[in-house]
Amino acid sequence: MRLPGKVAIITGAAGGMGEAAAHLFAREGAKVVAVDIEEAKVEPVAAAIRAEGGEAIAVGCDVT
């Protein structure tokens with residue numbers, strides 16, 4: 001665990017590389033803010049991280 005006490009804001013976290021990054025950062029001990037344009041699509045990612053023992057929230061946001 002290389003990131004305990006850190007917060008990672010991951011955009012595009014509802015799928016693909018963003019989802020993979022969110023899980024990776026969580027496994028390394030970071031608290032994850034999983035961001036995607038549709039919160040309903042990113043909530044399952046945050047829920048999966050929490051189910052694995054990590055800390056995560058889902059945020060719906062257009063970062064463009």
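This is a predicted model: local features need pLDDT of at least 70, side-chain atom pairs count only at pLDDT 80 or more; totals for chains, interfaces and linings use all residues.

Start by selecting Gly-18, Ala-22, His-23 and Ala-26: these are the buried residues of helix H1. Buried here is under 20% relative accessible area, exposed is over 50%, and partly exposed is in between, with a 1.4 Å probe and protein chains only. Helices (H or I, at least four residues) and strands (E, at least two) are DSSP runs, numbered from the N terminus.

Residues are numbered from 1 along each chain as its sequence is written, and side-chain values use heavy atoms, leaving out hydrogens and water.

The face turned away from its buried side carries exposed Gly-16, Met-17 and Arg-27. Just after H1, pick Gly-29, which takes a positive phi of about 100°.

What covers the buried residues of H1? E1, E2 and H2 are included in that cover. Zoom in on Ala-22, which touches Ile-10, Ala-13, Val-32, Val-45 and Ile-49, not counting residues up to four places away in sequence; contact means heavy atoms within 4.5 Å.

Next, show the strands. They form an open sheet of 3 in the order E1-E2-E3, with parallel pairing; two strands pair if DSSP finds at least two bridges between them. E1 and E3 stand at the edges with a single partner strand each, so one side of each has no neighbour in the sheet. Between E2 and E3 there are 5 bridges, and Val-32 stands opposite Ala-56 in E3.

Bring the helices back. H1 packs on the sheet, touching E1 and E2, and its direction makes about 170° with that of E1. H2 lies across E2 and E3, running at about 175° to E3. Axes are lines fitted to C-alpha atoms, for helices over the stretch in contact, and angles run from 0 to 180 degrees between N-to-C directions.

Last stop: the largest nonpolar core, with 14 residues; select Ile-10, Ala-13, Ala-22, Val-32 and Ile-49, which have the most contacts inside it. Such a core is a set of buried Ala, Val, Leu, Ile, Met, Phe, Trp, Tyr and Cys residues joined through side-chain atoms within 4.5 Å. H2 gives the largest share of this core, 4 residues.
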